[in-house]
Amino acid sequence: MLLRQLEYLVALARERHFARAAAACHVSQPSLSAAVRRLEHELHVPIVRRGRRYEGLTPEGEVVLAWAHRILAERDALRQELSTLRDGLTGTLRLGVVPTALPAATLLTTPFCDRHPHVRVSVESLSSADITQGLTAFELDVAMTYLDDDTLRQVRRFPLYEERYVLLTPVEGPLAQVARARWAQAAALPLCLLNPRMRNRRIMDACFAADGATAEPAIETDSVAGLYAHLPGGRWSSVISHAWLHLFGVPEGMRVVPLEGPAHGPRVGLVVANGEPRPVLADAFLTVGREAGVRGALDELLHTYLSAADVG
């Protein structure tokens, strides 16, 4: 068995088409097909369901594919470790981040790049399900996500911070001058929120429900940037995670108001596939995560904005 054969199989499973897989591997289609057949012969199992076109993998093929991902990941980890011994840390760290944690990701990626200037960081905004798939298939080195996500399996968790929720509302709005607002009061405002497909929105909906209210926003969006784009102008209010203040701050003409409710929301942190040895780049990123003090930095930032609102 050659590693190249495993690379061809992984490409075929990803592309679901012999010609596209061959192009991705920079070989001819007959060469790729022959390599997969040799792999079947060597392992004495059928791997690919063949018809007039690619029809997927057999149950045995799915098992071989899982091992192929694992073997190739170990190969890459070996190369990284040897490269580190020779030249220092190099390569590309593959980081998956749920969209609502992206504003806080720079608290890790920037110090990581400062510490390891020869490493590139590839950041992908991914759903929780895509993060789980990426870790399982060894397509991600590290992910930043909600740690209580039930879809996460066979991972190690490293907490970073707990989400806190505050109301952003126009300075001329009915709740701008209150010391604290209830979730039910916020629900009565003209709202812009993330859409219900986003886990953050579902968490907030539970908070609204706990106060006997249902949020019916006039505007829903699938990104934090899209949400913030609607806030200037004095018409819309929103409930946000305090981590978003790190990147977007408080728009002009808006005020931050604390919300009554749990002192801490769900935990956000780093996760890596459960296995040893961990890739060198993943270990280096976890080290930065442990030393970055993300929780304290975000809490201090929130305190600064709330103090400014009190003064105003």
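**Note on the predicted model**

1. The secondary structure of the protein chain comprises twelve helices and twelve strands, where helices (H or I, at least four residues) and strands (E, at least two) are DSSP runs numbered from the N terminus. This is a predicted model, in which local features need pLDDT of at least 70 and side-chain atom pairs count only at pLDDT 80 or more, while totals for chains, interfaces and linings use all residues. Residues are numbered from 1 along each chain as its sequence is written, and side-chain values use heavy atoms, with hydrogens and water left out.

2. Overall dimensions and burial. The C-alpha trace of the protein chain spans about 75 × 45 × 30 Å along its principal axes. Of its 312 residues, 48% count as buried; buried means under 20% relative accessible area, exposed over 50%, and partly exposed in between, with a 1.4 Å probe and protein chains only. Among contacts in the chain with a separation of 6 or more, 73% are accounted for by residues 24 or more positions apart. Contact here means heavy atoms within 4.5 Å.

3. The nonpolar cores. A nonpolar core is a set of buried Ala, Val, Leu, Ile, Met, Phe, Trp, Tyr and Cys residues joined through side-chain atoms within 4.5 Å. The largest has 76 residues, and those with the most contacts inside it are Met144, Tyr161, Leu167, Phe208, Tyr228, Val239 and Leu270. Helix α11 (residues 280-291) gives the most to this core, with seven residues. Apart from it lies another core, of 22 residues, among them Ala11, Ile47, Tyr54 and Leu72. In soluble globular proteins, nonpolar side chains tend to be buried together.

4. When neighbours within four places in sequence are left aside, Tyr161 is in contact with residues including Ala101, Ala104, Met144, His242, Pro266, Val294 and Leu298.

5. Strand β7. This strand (residues 165-170) is mostly covered, with six of its six residues buried. Both faces are covered: Tyr165, Leu167 and Thr169 are buried on one side, and Val166, Leu168 and Pro170 are buried on the other. Two strands pair if DSSP finds at least two bridges between them. β7 runs antiparallel to strand β10 (residues 238-241), to which four bridges join it, and Val166 stands opposite Ile240 in β10. β7 also pairs in the antiparallel sense with strand β11 (residues 254-258), over five bridges; there, Thr169 stands opposite Arg255.

6. The loop between α9 and β10. Ser237 lies in the loop between α9 (224-229) and β10. Ser237 counts as buried because its relative accessibility is 2%. Leaving aside neighbours within four places in sequence, Ser237 is in contact with Leu167, Leu168, Thr169 and Pro170 of the chain, and also with Leu189, Pro190, Leu191, Cys192 and Leu231. Gly234 has its place in the loop between α9 and β10, but Gly234 counts as partly exposed, at 45% relative accessibility. The C-alpha atoms of Gly234 and Met254 are separated by 7.2 Å, although these residues are 20 residues apart along the chain.

7. The largest pocket. A pocket is defined on a 1 Å grid over the protein atoms alone: where a 1.4 Å probe fits, it is an open set of points with protein on both sides within 12 Å along at least five of seven lines, and lining residues have an atom within 4 Å of a point. Its volume is about 1200 Å³, volume being the space filled by probe spheres set on the points, which are joined across faces, edges and corners. The lining has 40 residues, of which His69, Ala73, Ala137, Phe138 and Glu139 lie nearest the centre of the pocket. α4 gives the most to this lining, with twelve residues; elements that each supply at least two include α1 (3-15), β3 (91-97), α6 (128-136) and β12 (267-273). The lining divides into 19 nonpolar, eight polar and 13 charged residues, where Ala, Val, Leu, Ile, Met, Phe, Trp, Tyr, Cys and Pro count as nonpolar, Asp, Glu, Lys and Arg as charged, and the others, Gly among them, as polar.

8. Two histidines with positive phi. His26 lies in the loop between α2 (18-25) and α3 (29-43), and its phi is near 60°, a positive value in a residue other than glycine. His26 counts as exposed, at 72% relative accessibility. His44 is found in the loop between α3 and β1 (48-50), with phi near 65°. At 69% relative accessibility, His44 counts as exposed.
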